[in-house]
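Subject: Structure handover

Hello,

I am passing this structure on to you, with notes on what was found in it. Please look through it before reading the rest.

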Amino acid sequence: MAKIEDPIEFELFKNAIFAIGDEMAVTICRTTYSGVLRDNMDFSTALADANGKMVAQGLTLPGHLGSIPAALAVVVERFEGDIGPGDMFILNDPFDGGMHLPDIFIFQPLFHEGKRVAFAATISHHSDVGGRVPGSNASDSTEIYQEGLRIPPLKLFEGGKRNETMWSLIEKNVRIPIQVLGDLRAQLAACHIAETQFAELLRRYGLEKVDIYMEEVIDYAERLTRAAIAELPDGEWSFEDWIDDDGIDLDRPIRLFVKITKSGEEMVVDWTGSSEQVKGAINCSLSFTVAHSVGAIRCVLPLNIPSNEGVFRVIKVIAPPGTITNMVLPAACAARGLTGFRMGDCMFGALAMMLPDRVCAASDGGNTGVSIGGYDDERKPYIYVDFSCGTHGGRPWADGLQGNSNMFANMASQSIEVIETEQPMQILSYELVADRAGAGKYRGGAPFRRDYRFLEREAVLQVRSDRQKYRPYGLYGGYPGQPSANSLNPDKENRTMASKITMEIGYGTVFRHELAGGGGWGDPLERDTEKVLMDVRNELVSTEAAFKDYGVMVDTATWTVDADATEARRAAIRAGRTGETAKVMWEEPQMTDAAKG
Amino acid sequence: MAKFRVGADIGGTFTDLVLLGHDGTLHTKKVPSTVGAYEVAIVEGLSSVFDSAGLQPDQIEEVLHGTTVASNAILEHKGARTGLITTKGFRDVLEIRTLRMPRLYDLHWEKPPPLAPRYLRLDVDERINNKGGVDKALDLDEVERVVQRLLDEKVETIAVCLINSYANDSHERAIKGVIERMAPDLLHCISADVLPEILEYQRTSTTVINAYVMPIVSNYLQQLSARLGAAKIDAPLLLMQSNGGLINAAVAERKPANIIESGPAGGVVGAQALARKLDLPDIITFDMGGTTAKASLVEDGEFTRSLDYQVGGGIMIGSRLMSGAGYHLKIPAIDLAEVGAGGGSLVWIDAGGSMQIGPESAGAMPGPVCYGMGGEEPTVTDANVILGYLNPDFLVGGELELQADKSSEVFQEKVANRMGLDLAHAAYGAHQIVISNMIRAIRAISSERGRDPRDYALFAFGGNGPLFAAGMAKALDMRRIVVPPFPGLFSSFGLLYADVEHHYSRSMMQVLRDAEPSALNDIWGGLEAEARAQLTADGYRPEQIDIRRTANMHYKGQIYELSVPAPDGDFDPDKVAELEERFGVEHERTYGHRAGPEEPVMLVNAQLIGRAIPDHPPVPDRLKVMDSRTGTQSSTRQAYFGPELGWLEAKVLARTDLASTNLGGEQTGPIIVEEYDATCLVPPGATAKQDDFGNIIIELPE
């Protein structure tokens, strides 16, 4: 703090610079075209200093935490000496600063009297960047070259003049250029807002102070993070979780393994021991792994810590190259979101070992991506891309949230009525499903199902889901959630499908996806019987499951709990359990036949 | 005998009453709210004004009312037991919402419980498609079974919202018929009547909210009418809507969703009217009380409306992005941005050594430390006492003695020492930081919409607004501030300026350039007929009826709509093109860019406002204030204005001292204007005067 003469003025500066990040985000959100951006809010904004160190990130997607510094570092390194006023940089190459191809970064250097003083940064998930599958998010691509247009760090504008070669190259390589170019314009507009407002800061405080204050904003976040981490216990904790498969090698589960070491004011997150990179497109860039590692830790830290470089100084993330957590060429990565969400679950598992009363059980495993795309009879392309996620694990103090976005992708669902006016399909069902949540003193959130009925002649259906084989774990006595499920034409053939799908479908095909249920927390026999009664009444738990899992006998005629029968049943279950209750449960506990009920 | 109009505004703590005569005679009264039976405070407060001013009940010709009864029912979950009937497969639209969470990294966040629990949400096996065709017909026997189940569950009200009913409402109307047949006295509503617009979650939520507050609002308005009647006040009762227009009590009972944000609307309406008189077409209103600060924009003499908002979303920065905290209402409302900053906001130091303010508030109890009612945590009001801005001895009305020493003691220990600052600098810092927090509210309604605050005057009211207005204006480079008379009662005073207004809308959801002009005529014509019928029933003559059309549009593929005025009269291809052009212009203005002419524009909703123009201007230019309280004696006080200027001697004046005939008129700061209901701060270098309408006009130096 030595450099800061007036802490009050500094506080005012801090408010102002974070407001710029937020205002950039609002600009993208409100002017964007594609559903992915407008509803899923799959974008982020930030302001960085002249060297590319992130000072203020706008309110946006946790999965993008820390991705901007990584990308900006590449731009600064590559173009140093050749960065001038009116330049705008673009990139999406995951092997050169990017994350996966649909995420396009746009950076604008900001100048003051000829000197570079800051960068405005945006990243947006675009609805299509070409490649072999509409939406560019296939999970069954096996190398980056199949996934679409790969843009190394380049100038999209030079000295204020648009690089028309680049612009038209993008236009010709994406399926719906109106959307992609529209969304790029939204990113440019956000940078423009930052430019105007940053100039205002310079006018008010002068360059010298702005430089000092930007540094101090970073130091401030570092101090807050250190103070918060110092409060946590020292030690080493690890956790292992498995992804069903990569959609290519269907018999080979994929291991995620993390070790958290906490000592004094610092933490190290080490993914050594995780699976080698896989053929399917679920490999992660290091920056994506960092985002999910740090994002999970933030959930056990106080909420008022700003997101910037200061946080990353305190939390180190190790991920060996060539693994699914730090891929190398030619890995495919379009559907890497799946792995990111599961790294989040894995982090929560390790944190739950460290802090038993602070962390929830496993969520549904993150969002399921469904895309349906093709050409109509007039050969006009359409793409429907939808990410569904919906349920959290039970918490040490309350049930898991249901009908709620995953913690790592704060996205919104698209309106059914809008989908039906814009896309050749109907949604036939979008509702919670009973008896799929993990039982617990605090149960997991109930998952929902979504039925899509396709109404064009033909299309390619792409599905990226998981948690069919490895269920969402329960914690400290809580049962795991039920697995996810995919099926075709559930009211007719009801054909069960694997978790990852790429197939042709025709008119009238109905695809059903059911999310996995959230894991439970704590022994279900300790659940308040009134809560069980309410769940039965709300048809989220059947009377059978109330009896079998919770040991609660509900009288549905009077909507009361039969206390005697409940006590007897709970005693029988307790007596019938064999073995110790594990801290982490992947299957329901073993029981004697008599107690199975 | 002179006739009076009454503005009555209920807040959580106080009920504010303003009585205005045709000749400009004005009486005001602030009485404690009577929670649980709010009508009691209104009628008793009026009776006491009658007594002291020698008025008769029959002199009252109109009672205009702003109330938080409906929003409180939602915030406190005290609405009616509500059943919902929906389409099979979509029972959980209300609960799943949009999936989004309002907060990142917060495992403790709880989703607001649905206003209709799952076991009272029942579905029927029917389906309408997006073109309005019937894919699966409604089975009336099934409807009867479902309604009977809800009746057996003893619901007090039923909401009906089916998928795609915006395109064809016949199934909803059939269900309504069954409810009316089976339970003629049960309150109920269908989405086709409440909000015939696309977006199933927003429509369901709005319809359920309407049903949920219907019995409470209906009961309250009947009680109020009865009590007014018993007090021989036989005048029409009109309610302020969230959109800034008035409706009569009977309509409000049917569509209570329209009066949810009734409370803060009055101030904005009043500010708009006063600003027009002052020939200030562009103002930003700033309303700061004890716990929250609200800002809104008046542009070209018109306040702006947002298309939807969340009730009970809590107060947070960035709420426009991080939606999901409250209950969604897709009803036009005056566009207010709110932050949790007020006189009671707590001042604290975080782990990184930074001073933070709010959002926690000391509230009315225990209140700031200086109130001496048990408050131990420093607040913004304590900072203002330390700075000399607030009278150190008592709040200006004289009813509350202050303990300034205690403020200093606590502030020194908990803030100044920990930051290594002297007391005055620390308190000044708190004052400045509150300002920087509140700026976010103003940015949300101005620069986030492409408007530059420097082009606007700041119109400040609320108990704390006039105290912070100059600091806000300075931070935003705004030059002129207007502080109206009775700033602390301004929300009720503003009610007197409102007009009767009815809003209608219908979803179109089609590409504008492909629309048949005749279809557009049919839609807007139908809405206009509805508006004219309602206003005629309200007792207005045809020449008093003003009709305005607006269109909500976006580029095909976007989702956020922009609202632009639609042309009057019959549509032809030129007018359709003109409407499309208006959208492009507004998009460019708001977001700084527009798409090329090849990109189609979707017409999402046609909207129409029917407004009644009163025969006489509702408020005379000259007000005669009958409220005789001992004015503040002119004096001076030391006040602190930052490290550079330090402590200065500030003049302490009454508002009338700033009038042109008194003490030479325009004065230069530092000045502190003390009034019964608020304190106004004029910083060094700024000038202040009272204009002909009783406003304080503050000009800041370049």
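Helices (H or I, at least four residues) and strands (E, at least two) are DSSP runs, numbered from the N terminus. Two strands pair if DSSP finds at least two bridges between them.

Before going further, some conventions. Residues are numbered from 1 along each chain as its sequence is written, while chains are lettered from A and ligands numbered from 1 in the order in which they are written. This is a predicted model, in which local features need pLDDT of at least 70, side-chain atom pairs count only at pLDDT 80 or more, and totals for chains, interfaces and linings use all residues.

The sheet in chain A

The pair above belongs to strand S4 (residues 103-112) and strand S5 (residues 115-125) of chain A, which are antiparallel over 10 bridges. Helix H5 (residues 177-205) of chain A packs on the sheet and touches S1, strand S3 (88-91), S4 and S5 of chain A, with its direction at about 150 degrees to that of S5(A). Contact here means that the C-beta atoms of two residues, placed from the backbone, lie within 7 Å. Axes are lines fitted to C-alpha atoms, for helices over the stretch in contact, and angles run from 0 to 180 degrees between N-to-C directions.

The open sheet has seven strands in the order S2-S1-S5-S4-S3-S6-S7 (chain A), with antiparallel pairing. Strand S2 (54-57) and strand S7 (161-162) of chain A are at the edges with a single partner strand each, so one side of each has no neighbour in the sheet. Helix H1 (residues 7-31) of chain A lies across strand S1 (43-49), S2 and S5 of chain A, at about 145 degrees to S1(A).

One residue of helix H5 of chain A is A:Ala190. A:Ala190 is buried, with 32 other C-beta atoms within 10 Å. The cut-offs are 20 or more other C-beta atoms within 10 Å for buried, 12 or fewer for exposed, and partly exposed in between, with C-beta atoms placed from the backbone. Leaving out residues up to four places away in sequence, A:Ala190 touches A:Met24, A:Thr27, A:Ile28, A:Thr45 and A:Thr122.

S9(A) pairs in the antiparallel sense with strand S8 (residues 235-243) of chain A over nine bridges, and A:Asp241 stands opposite A:Leu256. S9(A) also pairs with strand S10 (residues 266-270) of chain A, again antiparallel, over five bridges. S9(A) and S10(A) form a hairpin with two residues between them, and A:Gly264 in the turn has a positive phi of about 60 degrees.

Domains and the two chains

Chain A is divided into domain 1 (7-216) and domain 2 (360-597); domain bounds come from an automatic or database domain assignment. The C-alpha centres of domain 1 and domain 2 of chain A are 37 Å apart. Their contact takes 20 residues from domain 1 of chain A and 21 residues from domain 2 of chain A.

Between the chains, 66 residues of chain A are in contact with 60 residues of chain B. H1(A) gives the most to the chain A side, with 14 residues. By class, that side has 31 nonpolar, 20 polar and 15 charged residues. Ala, Val, Leu, Ile, Met, Phe, Trp, Tyr, Cys and Pro count as nonpolar, Asp, Glu, Lys and Arg as charged, and the others, Gly among them, as polar.

Backbone exceptions

Most residues other than glycine have a negative phi, and most peptide bonds are trans. A cis peptide bond joins A:Leu329 and A:Pro330, with omega about 0 degrees. Another cis peptide bond joins B:Gly669 and B:Pro670, with omega about 10 degrees. A:Arg467 is not a glycine, and its phi is positive, near 60 degrees. A:Arg467 counts as buried, with 31 C-beta neighbours inside 10 Å. B:Phe486, also not a glycine, has a positive phi of about 50 degrees.

Regards
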